[in-house]
Amino acid sequence: SIYEMFGNECCLSTGEVIKVIGFKINKLIASICENNEVSQLSAKVELPLNFPGLYKVVADKTPYLSIEEITRKVSIGPTRFGHPCFYSPEDIKLANLTIKHGEQITFNSVEEVNGTMAVNCGVVRNNQSHSFTLPLSQEGKFYECEDDQIYTLKEIAEWKIPKCRNRIVKLSNTLHMWDSSNPLPENFDGCLILTPVYEVQAVMKFRKDIVHILSDLDVEVKDITDCYDISSFLQPLSLEDVFERTSKEFPMVAEIMEGPSGSRKPYNLFNTGKEIVIYKKYQATRVLASEIRSDSPKRHFLIPISYKGKFKRRPREFPTAYDLEIARSEKEQLHVVATKAFDSPHEELFSVSVGDQFLVQQCQTSEVLYEGRKKVIDVLACEQILSDTYKKVLLPMYMEGGFVEVIHDKKQYQLSEICKEFRLPFNVKVSVRDLSVEEDVLAAVPGLQFEEEITDSYLLIGSTSSPVESWEIPVYRLNMSVHLLSKDVQMVVPPPTKTTVEEISEEQYYMVRRYENQTLHPPPRPPKKPT
């Protein structure tokens, strides 16, 4: 059979031996969903996996009838996506623990326990985690738990569509303006039924790349697994697979089977067929930054702490007095100008006019008269700057006004200094570009807001042919497959490390913020008006 693969003709000859290494969703067929059924008026539309938007997964109402069925159909793995949650409508009695009906069970991994395949599970009770195992032979009804996370279509396709089932999702955030090329109706915010279209991933004896075969290809095959030496085939590994290896296995030599897309360094250096050295795996710190602009879409960046450019401060904006309290620091006094008037309902507190200037002091409490009764409320003590003096005033913490910072600091800062000396978020612009790179993408951005420091997973990779530099490569945002070579590493100590500013998409930005903040408590809400 001759078929087209990514625009190239590919030939499958009679007798060709193919090793199937996986199944992957190639695209999704979407239908508008009403009451968990396909709408009769809805046309089916094809959605690529990079279709923009963020989605919530609707829990599947059809139960699984055994733990074995769950492990066969649902992705369970070591990454942050691979921990699905289920509940049983009946109590499950174990040797030293009883799982109550309706209790959320997290499936963490599948492994052999005392000669029997089982799933490592956990439940949380009174903020304490309890671990236990369930054998694959365990029967009963197991239902999916509701999932309050948001996902891209690509993440849903890779982790959240069980084999042999469809998936209902609800659009959470479109992220992009609607246009005529969008296959979904304008202002659509409902549910979609996603039907996956698979492709087979395979390796062939005399090819060094991964072959993608569409599942509807009309070709007959025969299973010869039991009578063929499959060790003679290459074993492709994703960057996630490499990262899961123990630290003792590094450094390692590999050949790229599928290189990343992109014309900027370092991605244009890692072409298919190139030999590389993977020196080590580790966690590295980045500063998440967004372009300051009133309209959207904004650009987003992950900036390494080693960035060699310099920054000057830019004024921050504060919508409430409460935000002033959060932003103030012991290091310097916060000086602001009011951009919105506020008429105080209490005689004891100050009414603000546009243009009033204040030095922010501290949070305290104050007694006010409200509807004939005395009440104690939180207030912000400030000094109003007058032409020749200062006046002490109190602003209600719930005040919704508007303030812009007055910058007196003209110093130029390295990124590491800003992270050490100031509280994020923090507004800046590049004053001296990074001269160690050919193109500094941050230099052209008129203003940046540093939002938070994040920690992410990286591999340190270099070329075997010209080992003059090594690059930090993100594990979870780069599609790249390699196979390991049984070669010794010539240079065990990596050459000088190059880091780059990584521009990320809107979807990736939301994912980074979601994973960084999912273990943190939300910030306290500003006080409300007294009632």
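## Aromatic cluster and charges over rings

Tyr64, Phe86 and Phe107 together make up one aromatic cluster. The structure is a predicted model. Tyrosine 64 also has a charge over its ring: the charged end of arginine 165 sits there, 3.8 Å from the ring centre. In another place, lysine 281 lies over the face of phenylalanine 243, and the distance to the ring centre is 5.1 Å.

## Aromatic pairs

In the whole structure, a search finds 10 aromatic pairs. One of them joins tyrosine 87 and tyrosine 143, with ring centres 5.6 Å apart. Their planes meet at 20°, which is under 30 degrees, so the pair counts as stacked. Tyrosine 87 belongs to strand β8 (residues 85-87) and tyrosine 143 to strand β14 (residues 139-144), so the pair ties together parts 56 residues apart in sequence. Tyrosine 87 has 28% relative accessibility and therefore counts as partly exposed.

Phenylalanine 358 and phenylalanine 403 form an edge-to-face pair, with 6.4 Å from centre to centre and 75° between the planes. Because phenylalanine 358 lies in strand β25 (residues 357-370) and phenylalanine 403 in strand β28, this pair ties together parts that are 45 residues apart in sequence. Both phenylalanine 358 and phenylalanine 403 are buried.

## The six-stranded sheet

Strands β25 and β28 are among the six strands of an open sheet, whose order is β23-β28-β24-β25-β26-β27. The pairing is antiparallel. At the edges are β23 (317-320) and β27 (390-396), each of which pairs on one side only. From one strand to the next, the twist averages 40°.

Strand β23 pairs with β28 (residues 400-405) in the antiparallel sense over three bridges. Opposite glutamate 317 stands valine 404 in β28.

How values were computed: Residues numbered from 1 in each chain as written. Predicted model: local features only at pLDDT ≥ 70, side-chain atom pairs only at ≥ 80, totals over all residues. Heavy atoms only, no water. Pairing = 2+ DSSP bridges. Helix = DSSP H or I, 4+ residues; strand = E, 2+ residues; numbered from the N terminus. Axes fitted to C-alpha atoms, helices over the stretch in contact; angles between N-to-C directions. Phe/Tyr/Trp six-rings, centres within 6.5 Å; stacked < 30°, edge-to-face > 60°. Buried < 20%, exposed > 50% of the residue type's maximum accessible area, 1.4 Å probe, protein only. Lys NZ or Arg CZ within 6 Å of the ring centre and 35° of its normal.
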